[in-house]
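Here is a colleague's note for someone new to reading structures. Keep the 3D view open and follow the points in turn.

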Amino acid sequence: MIDIESKIEDGICELFVKGEVDASSSIHLDNSLSEAITNNSKIIVDLSKLEYISSAGLGVFMSYLQQLETDKIQLVLFGMNEKVLEVFQILGLDQLIEIRNSKAEAMAEMKDA
Amino acid sequence: MHKFKTPCQREKLKEIREFISDVLTDIGFPDIEVHKVVLAVDEVCANLIIHSNKCNPSECLEIFIEDNKEGTVTFDIVDYGIGFNYNNYKEPNLEEIVRKRRKGGLGIMLVKKIMDSVEFSQEKDKNICRLMKKFQHKK
């Protein structure tokens with residue numbers, strides 16, 4: 001139901017999340033994100049193939065926000081479809097988490113730092 | 001009345017979502033609203049499966065959907081586990097969730113934002129969560 005690929009290019013870790021993130025699959029997102037955050041300071045997450053997210057998935061991103069700030073780690077999500085983006089917007093999480101439309105925009109954020 | 005019954009396993013959430021989505025599409029629920037309502041029901045079911053029934057596959061969850069034909073649809077989600085005390089539910093704020101690095105707490109917030117009413121009640125050994133959503137039939 002969920003498939004996550006990880007690669008590192010020019011010092012930036014990219015996670016590619018495919019499928020659906022709900023209460024049964026969010027653990028995989030959590031493990032991948034945890035590993036990425038432990039080993040990298042610049043992370044982009046491609047959500048263009050994410051078809052569904054519930055609060056379990058939102059909670060995973062939320063639970064690392066404090067650590068991102070403390071450890072000066074950059075995390076930018078990009079490419080999410082309208083329905084997935086709406087889930088972030090319902091609770092205003094799009095104001096707390098860095099979200100960009102495209103990979104180019106997400107990469108631009110990384111270069112600014 | 002549309003009915004779906006499933007064992008209390010997280011892996012069943014996808015089937016639950018498919019059922020809700022099919023029923024809503026069938027009764028002419030507006031497409032843009034289907035996804036949000038499916039999400040709200042998924043959130044309640046996930047909570048009941050994980051917290052009230054501890055993912056015990058011998059426990060079951062029943063979902064009843066009623067199109068009231070008057071521009072509202074009602075979802076009754078019934079289980080027999082530990083009842084959720086909604087009266088004692090205190091909505092966390094987002095800052096608190098971030099500060100405490102919590103992963104949970106967002107589900108019921110979403111349900112309340114999406115649905116027009118959310119009620120939890122108990123009848124003997126049965127817990128009922130009733131969600132209601134107003135809608136306009138597709139022309």
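1. Start with helix α2 of chain A, residues 55–63, in this predicted model. Eight of its nine residues are buried, so the rest of the structure largely encloses the helix. The buried ones are Ser55(A), Ala56(A), Gly57(A), Leu58(A), Gly59(A), Val60(A), Phe61(A) and Met62(A).

2. Now turn to the sheet of chain A. Five strands make an open sheet in the order β1-β2-β3-β4-β5. Its pairing is mixed. Strands β1 (2–9) and β5 (98–100) of chain A stand at the edges. Each has a single partner strand, so one side of each lacks a neighbour in the sheet. On average, neighbouring strands of this sheet are turned by 25° against each other, direction ignored.

3. β1(A) and β2(A) run antiparallel and are joined by eight bridges. Ile8(A) stands opposite Cys13(A) in β2(A). Two residues lie between the strands of this hairpin. There, Asp10(A) takes a positive phi near 50°.

4. Strand β4 (residues 74–78) of chain A and β5(A) run parallel, with three bridges between them. Phe78(A) stands opposite Arg100(A) in β5(A). In general, strands of a sheet pair through backbone hydrogen bonds, either parallel or antiparallel.

5. Helix α1 of chain A, residues 26–39, lies across β1, β2 (12–21) and β3 (42–53) of chain A. The helix runs at about 10° to β1(A).

6. Move to chain B and its helix pair. Two packed helices are described by the angle between their axes and the distance between the axes. Helix α1 (residues 13–26) and helix α2 (residues 31–52) of chain B pack at about 145°, with axes 9 Å apart. The crossing of α1(B) and α2(B) is right-handed. From α1(B), the contact uses Leu13(B), Ile16(B), Arg17(B), Ile20(B), Ser21(B), Leu24(B) and Thr25(B). From α2(B), it uses Val34(B), Val37(B), Val38(B), Val41(B), Asp42(B), Cys45(B) and Ala46(B). By class, the contact has 10 nonpolar, two polar and two charged residues. Check the spacing of the numbers. An α-helix has 3.6 residues a turn, so residues three or four places apart point the same way.

7. Where do the chains meet? In all, 24 residues of chain B are in contact with 20 residues of chain A. On the side of chain B that touches chain A, the elements giving two or more residues are α1, α2, α3 (94–99) and α4 (107–114) of chain B. α2(B) gives the most, with six residues. By class, this side of chain B has 11 nonpolar, three polar and 10 charged residues.

8. Finish with two loop residues of chain B. Which phi does Cys55(B) have? Its phi is near 55°, a positive value in a residue other than glycine. Cys55(B) sits in the loop between α2 and β2 (60–67) of chain B. With 15 other C-beta atoms within 10 Å, Cys55(B) is partly exposed. Lys124(B) also has a positive phi, near 50°, and is not a glycine either. Its loop joins β4 (117–123) and β5 (126–134) of chain B.

Terms used:
Residues numbered from 1 in each chain as written. Chains lettered and ligands numbered in written order. Predicted model: local features only at pLDDT ≥ 70, side-chain atom pairs only at ≥ 80, totals over all residues. Axes fitted to C-alpha atoms, helices over the stretch in contact; angles between N-to-C directions. Helix = DSSP H or I, 4+ residues; strand = E, 2+ residues; numbered from the N terminus. Left-handed = near helix turned anticlockwise from the far one by under 90°. Contact = placed C-beta atoms within 7 Å. Nonpolar A, V, L, I, M, F, W, Y, C, P; charged D, E, K, R; others polar. Pairing = 2+ DSSP bridges. Buried ≥ 20, exposed ≤ 12 C-beta atoms within 10 Å, placed from the backbone.
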